[in-house]
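Try each task yourself before you look at the worked solution.

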Amino acid sequence: EVTGVQTCALPISKVASMLGVHLAGVMDGYVLAYRAAGSIVEPTQRATLATKLLADSMILSKLSGMDQAAALDTLVGALRQLNMPLDQGVILLDKWVAITKVANVDLKTLSESFAITATASENAGLSVDKLNAIIAVVAETTILSSTEAGNAVRAFMSGFTREESAQALERFGISVKDATGELKSFDQISREVYEHRSEEHTSEL
């Protein structure tokens, strides 16, 4: 079934060499990536996309400690929920790694939480950066697992005025109400969260 193995044998070996892993260990990951690229009918294009997915997911696996299959599922899930092409995983990877450098959140928690919440965030009109900032805040103020954190953020999007959410935000000087006592919109609050993270990043440079 996976005829792309022959087509991309050299690129696959380059991926293995780049990441310092044995070629045999890469092949299983390539099969999974090739299946994930199933929407592409043309064999060469599908094999090329599968190789890119393989590389991106193995980088995520190496940096996060997830196994390659889980990393691939997380990356593909996040990209699909955002309606992003599957060859743009590096865009998310770069943003996730940047957040982990300035926030007390590990890459596994951030990426898995992101994959859980991406659709809800898109429906709420949030950018990738704003969603990453919100996940970072949740991770810093709780001891939740990545799945729990993702579910908490998703619930937060629909219930950010609840007392627990309001208290967590107040730790960072962010209120759910404006100066007149009116509730702020979710976009307003998410923008303040994003600006808070940006200010922290600037102060640490």
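**Exercise 1. A residue in a loop**

Between which helices is the loop in which N83 lies?

Solution. Before starting, note that this is a predicted model, in which local features need pLDDT of at least 70 and side-chain atom pairs count only at pLDDT 80 or more, while totals for chains, interfaces and linings use all residues. Residues are numbered from 1 along each chain as its sequence is written, and side-chain values use heavy atoms, with hydrogens and water left out.

Step 1: Helices (H or I, at least four residues) and strands (E, at least two) are DSSP runs, numbered from the N terminus.
Step 2: N83 lies in the loop between α5 (68-81) and α6.
Step 3: Look at the backbone. The phi of N83 is positive, near 55°, and this residue is not a glycine. Most residues other than glycine have a negative phi.
Step 4: Check the surface. Buried means under 20% relative accessible area, exposed over 50%, and partly exposed in between (1.4 Å probe, protein chains only). N83 has 64% relative accessibility, so it counts as exposed.

**Exercise 2. The whole protein**

How many helices and how many strands does the protein have?

Solution. Step 1: The count comes to 11 helices and 0 strands.
Step 1: Of the 205 residues, 45% count as buried.
Step 2: Contact means heavy atoms within 4.5 Å. Among contacts between residues at least 6 apart in sequence, 56% join residues at least 24 apart.

**Exercise 3. Following helix α7**

Describe helix α7 from its start to what follows it.

Solution. Step 1: Begin at the N-terminal end, which D106 caps: one of its side-chain oxygens lies 3.1 Å from the backbone nitrogen of K108. For comparison, a polar contact is a pair of N or O atoms within 3.5 Å; within protein, one must be able to donate a hydrogen and the other to accept it, and residues adjacent in sequence count only if both atoms are side-chain atoms.
Step 1: Compare lengths. The expected span of a helix is 1.5 Å times one less than its number of residues. Helix α7 (residues 107-123) has 17 residues and reaches 24 Å between its first and last C-alpha, close to the 24 Å expected.
Step 2: Find the bend, which is the angle between axes fitted to the seven residues ending at a residue and the seven starting there. At T117, α7 bends by about 55°.
Step 3: List some buried residues of α7; among them are L110, F114 and A118.
Step 4: After α7 comes G125, whose phi is positive, near 80°.

**Exercise 4. Aromatic pairs**

How many aromatic pairs are there?

Solution. Step 1: Rings of Phe, Tyr and Trp (its six-membered ring) pair if their centres lie within 6.5 Å; planes under 30 degrees apart count as stacked, over 60 as edge-to-face and the rest as tilted.
Step 1: By this rule there are 2 aromatic pairs.
Step 2: Y30 and Y34 form a tilted pair, 5.9 Å centre to centre with 40° between the planes. They are 4 residues apart in helix α3 (residues 23-36), so about one helical turn separates them. Both Y30 and Y34 are buried.
Step 3: The ring centres of W96 and F114 are 5.5 Å apart with their planes at 70°, so this pair is edge-to-face. The pair links distant parts of the chain, 18 residues apart: W96 is in helix α6 (residues 89-102) and F114 in helix α7.
Step 4: W96 is buried at 0% relative accessibility, and F114 is buried with a relative accessible area of 0%.

**Exercise 5. A glycine and its contacts**

Which residues is G29 in contact with, leaving aside its neighbours within four places in sequence?

Solution. Step 1: Locate G29, which is in helix α3.
Step 1: G29 has a relative accessible area of 3%, so it is buried.
Step 2: With those neighbours left aside, G29 is in contact with L54 and Q68.
Step 3: G29 and L54 are 25 residues apart in sequence, and their C-alpha atoms are 6.4 Å apart in space.

**Exercise 6. An enclosed helix**

Why is α8 described as largely enclosed by the rest of the structure?

Solution. Step 1: Helix α8 (residues 128-141) has 14 residues, and its end C-alpha atoms are 20 Å apart, in agreement with the 20 Å it should span.
Step 1: Of these 14 residues, 11 are buried, so α8 is largely enclosed by the rest of the structure.
Step 2: The buried residues include V128, L131 and I135.
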